[in-house]
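Open the model in your viewer and keep the sequence panel beside it. The stops below say what to select next and what is there.

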Amino acid sequence: MKGRNNMTTYDLIVIGGGSAGLTAASGAAQFGARTALIDKHGSLGGDCLHYGCVPSKALIAAATEVHNMKRNAEKHGFHLEGSADWQRVRSQIQYAVDTIQEHDSTERFASLGVDIYYDEASFEDAQTVRLADGRTLKAKRILISTGSSPVTLPLDLPATLPVITNESLFYLEELPKKIIMIGGGAIGLEMAQALTRLGSEVIVVDRAHELFEKEDREIAERAGRQIRKEVPVYLESEVTDVTEKNGTFQAAVSTKGDTWTTDVDAVFFAVGRKPNTSSLGLERAGVETDGRGYVLVNDRMQSSVESIYAAGDVTGRFPFTHGAGEEAKIVVSNAVFGLKRSLSYENFPWCFYTQPEIFHLGMTEVEAREAYGSDYEVIRASDADRLIAEQDDVSFVKVILSKNGKILGAHGIGANASDWMQTLVYVKAQGEKLTSLSSVVHPYPARTEIVKQLSDTYLSTHVMQGKLPKVTEKYIQYLRR
């Protein structure tokens, strides 16, 4: 932690200690750039570590264990009683956060040569940043990586009604018995399912016409059916009011014009995110934002001011941790070394960690149809032997191919789909054809064989049913003479 001084000059100042900020600060410092990292919180890691990816996956893991115990007990004739202990679940979540926090510790980044300031920062001009305590920092290049925060709706809620967001969920002393989840996106559905499995009664309300709007329709429909087996979901709906009477809260919900009510113990807002830019004084630096406050950047991650960059959620481009890390690498290349590297998201996958998981890479079939008309092909797989042995009738893979057999899009659903679909990311990123998977040997009967099936299906369709069998038949007859 730097001491107080009037002005300190750096090669790079990073504002925000989340995934993008940490990647950029550590990379720049290790390459020899004099680097400052400013974060208004008392610890590093950002939203992902403290309120997002890490605690949510720890929660999902605990909820999945509880769910599987109950389901498998019924399947094999056992009977389980009782419910999960929320305090024990919280301790598992905190363990995960604390363990990863060691990797993101102040001491580690200081040892890499990063000067760390825990304070609020705002721009004085395009090269100068002022801290809330009066210190001033100057740099040739500045990175904005302040992340985003949950949005809440302007509802007139009772003062005593518990209101939950992803920033408060993991630190609740106890779980509410009945929760109305406003928002059916990734956060809303992941948390609704997990909390249901841990014993809360959760109702999801969303204005959208369908779940998983950005996903391929076949995947979305399959995922929606699975979610609805556990969680009631009301689409084209919105919470219009919450009232209190004699200590009981009641929510009014409008669904396609019809209003109904339900008792609730808490409201969970999962309606989206907003960029953390309002206090930065971006106008003093000349940095342009869109109408929502997201920093506008080009493919080199530069803002409207050439010397100021932005990465992570604050740009609104690709709101996933792995995207933030890759954006930060581009920033280091360009801001520190003066290169002109650009970033494409064409080969960036994303996943929803509902159970089953949803995997998305590239175009959906609707997007392929809009771009190529009928000049594309679809291959599906769903019955690998391991899945049959485990009575898994949910896992499913779909790839969309160009006419020359290259991947335009790949989509999957199933347990651990985020793991066994990764081979397709490599194939697409390398520009290889789907047939390249046929030469990859998988241990039998691994779940990954469902992915290899895609290549085998393509080969059997395009090679074995084409001209080749006639040619080989004549060749074999010739050899037998």
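**Stop 1: a pair in helix H10**

Select Arg-369 and Glu-365: both lie in helix H10 (residues 365–372), 4 residues apart, about one turn of the helix. Helices (H or I, at least four residues) and strands (E, at least two) are DSSP runs, numbered from the N terminus. This is a predicted model, in which local features need pLDDT of at least 70 and side-chain atom pairs count only at pLDDT 80 or more, while totals for chains, interfaces and linings use all residues. Residues are numbered from 1 along each chain as its sequence is written, and side-chain values use heavy atoms, with hydrogens and water left out.

Now show the two side chains. Arg-369 and Glu-365 meet in a salt bridge, 3.5 Å from N to O. The term stands for a side-chain nitrogen of Lys or Arg within 4 Å of a carboxyl oxygen of Asp or Glu. Side chains of opposite charge can pair when their charged atoms come close.

Arg-369 counts as partly exposed because its relative accessibility is 42%, and Glu-365 counts as buried because its value is 16%. Buried means under 20% relative accessible area, exposed over 50%, and partly exposed in between (1.4 Å probe, protein chains only).

**Stop 2: the salt-bridge network**

Zoom in on Lys-398 and Asp-216, whose closest N and O atoms are 2.9 Å apart in a salt bridge. This pair links distant parts of the chain, 182 residues apart: Lys-398 is in strand E21 (residues 396–401), and Asp-216 is in the loop between strand E10 (201–205) and helix H7 (217–228). Are these two residues buried or exposed? Lys-398 counts as buried at 1% relative accessibility, and Asp-216 counts as buried at 2%.

**Stop 3: another pair across the chain**

A search of the whole structure finds 24 salt bridges. One of them joins the side chains of Arg-273 and Asp-47, at 3.2 Å from N to O. Arg-273 belongs to strand E16 (residues 273–275) and Asp-47 to helix H2 (residues 46–50), so this pair too links distant parts of the chain, 226 residues apart.

Select Gly-183, Gly-184, Gly-185, Ala-186, Ile-187, Gly-188, Leu-189, Glu-190 and Gly-272, which the unreviewed UniProt entry annotates as "binding site". These residues are spread over 90 residues of sequence but cluster in space, with a largest C-alpha distance of 13.8 Å. UniProt positions are given in the numbering used here, feature names are shortened, and annotations may be inferred rather than shown by experiment.

Pick out Ile-187, in helix H6 (residues 186–197). Ile-187 counts as partly exposed at 35% relative accessibility. Not counting residues up to four places away in sequence, Ile-187 touches Ala-270 and Arg-273; contact means heavy atoms within 4.5 Å.

Next take Glu-190, also found in helix H6. Glu-190 counts as buried at 7% relative accessibility. With residues up to four places away in sequence left out, Glu-190 touches Lys-57, Ile-60, Phe-352, Tyr-353 and Thr-354.

**Stop 4: the domains**

Colour the chain by domain: domain 1 (9–150 + 274–337), domain 2 (153–271) and domain 3 (356–467). These bounds come from an automatic or database domain assignment. The centres of domain 1 and domain 3, taken over C-alpha atoms, are separated by 33 Å.

**Stop 5: helix H9**

Select helix H9 (residues 321–337). H9 has 17 residues and reaches 24 Å from its first C-alpha to its last, close to the 24 Å expected at 1.5 Å a residue. The expected span is 1.5 Å times one less than the number of residues. The buried residues of H9 include Ala-328, Ile-330, Val-331 and Val-332. Their cover includes helix H1 (19–30), strand E6 (136–144) and strand E17 (308–310). After H9 comes Gly-338, whose phi is positive, near 70°.

**Stop 6: the strands around E6**

Which strands pair with E6? Two strands pair if DSSP finds at least two bridges between them.

- Strand E1 (residues 7–15) runs parallel to E6, joined by 8 bridges; Ile-13 stands opposite Ile-142 in E6.
- Strand E5 (residues 128–131) pairs with E6 in the antiparallel sense over 3 bridges; Arg-130 stands opposite Thr-136 in E6.
- E17 runs parallel to E6, joined by 3 bridges; Leu-143 stands opposite Tyr-309 in E17.

End at Gly-134, in the hairpin of E5 and E6, which has 4 residues between the strands; Gly-134 takes a positive phi near 105°.
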